[in-house]
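Here's a quick tour of some aromatic contacts, plus a look at one helix. Have the model open while you read.

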Amino acid sequence: RVGFHRYTYTKPNEPAMVIDNLAIIMSLIINIIGSLICIYGVKYIAEHEEHHHLEKTRQPRFMFWLVIFLGAMNALVFSNNLVWLLFFWEITTLCSFQLISHNLTEEAINNAGRALWMNMLGGVAFAIGIVYLFVSGGADALSIRYLIENASTVADKAVLAGISLIVFAGFTKSAQMPFQTWLLGAMVAPTPVSSLLHSSTMVKAGVYIVIRLAPIYHNTLLSDLVAVAGAFTFLMTSVLAISQSNAKRVLAYSTIANLGLIIA
């Protein structure tokens with residue numbers, strides 16, 4: 001006979017947003033680099049449209065998605081509640097799809113679609129992970145701070161399974177192998193988009209969640225698997241980077257390699 005724990009939903013005692021040193025560092029990266037990209041993007045997109053002889057400007061739409069993107073990233077790094085974090089996580093996925101497909105060429109739309117389904121795969125894993133955590137630990141288990149502070153007492157198999165799924169989502173978002181192709185495809189987007197996805201925001205969200213949850217799963221098999229996967233990505237994409245002659249592909253592969261190194 002299998003027994004099931006029945007949980008009654010109660011409002012968690014933990015705050016929805018928490019600002020700590022890691023969140024502040026991430027916010028500084030997002031806002032300083034992201035703001036410079038937006039300023040650069042205003043002039044760039046005007047010249048871009050003139051070059052492509054567009055009859056009707058799409059500059060307001062472009063800047064709208066850039067700003068929404070940065071806002072979602074700020075909220076993501078400050079989120080303590082995993083449900084809110086998932087919400088902002090998916091907003092960045094939507095924004096990346098809109099920005100990559102901005103030129104509306106067949107190549108841009110196809111690459112945006114690849115980025116969308118790969119990141120949505122991670123989003124589904126993230127959502128299932130949240131369900132695992134809620135069923136195994138109740139509403140408080142949706143708080144990152146609660147999980148970290150009580151890591152020794154909540155580290156059962158169900159919790160670790162939930163954390164594993166969220167870490168997998170982090171790997172898809174940070175374009176770790178074998179999900180690197182969506183970031184390579186993003187290079188067809190206008191230059192400010194490539195800069196935004198590579199440098200300050202999108203891919204760093206995946207690294208952020210892996211690092212943020214690390215105290216929960218340290219000294220487990222999961223931590224070993226994460227380190228090995230990050231190191232493998234670093235080595236393989238470094239080899240691929242030095243074998244390229246196209247500057248944008250070199251940039252893409254070297255970005256992924258550095259992300260793998262950080263995760264390792």
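Start with tyrosine 40: at 45% relative accessibility, this residue counts as partly exposed. Keep in mind that the model is a predicted one.

Tyrosine 40 has a ring partner in tyrosine 44, and the two make a tilted aromatic pair. Where do tyrosine 40 and tyrosine 44 sit in helix α1? They are 4 residues apart in that helix, which covers residues 21-51, so about one helical turn separates them. As a rule, an α-helix has 3.6 residues a turn, so residues three or four places apart point the same way.

Then there's an edge-to-face pair, made by phenylalanine 64 and tryptophan 65. Phenylalanine 64, at 45%, counts as partly exposed.

Here are the two pairs side by side:

| Pair | Centre to centre | Angle between planes | Class |
|---|---|---|---|
| Tyrosine 40 and tyrosine 44 | 5.7 Å | 35 degrees | tilted |
| Phenylalanine 64 and tryptophan 65 | 5.1 Å | 75 degrees | edge-to-face |

How many aromatic pairs does the count come to? The tally is 7 aromatic pairs. There's also an aromatic cluster, formed by Trp84, Phe87 and Phe88.

Now for the helix. α4 takes in residues 106-137, 32 residues in all. From first C-alpha to last, α4 reaches 46 Å, close to the 46 Å expected at 1.5 Å a residue.

Notes:
Residues numbered from 1 in each chain as written. Predicted model: local features only at pLDDT ≥ 70, side-chain atom pairs only at ≥ 80, totals over all residues. Heavy atoms only, no water. Helix = DSSP H or I, 4+ residues; strand = E, 2+ residues; numbered from the N terminus. Expected span 1.5 Å × (residues − 1). Phe/Tyr/Trp six-rings, centres within 6.5 Å; stacked < 30°, edge-to-face > 60°. Buried < 20%, exposed > 50% of the residue type's maximum accessible area, 1.4 Å probe, protein only.
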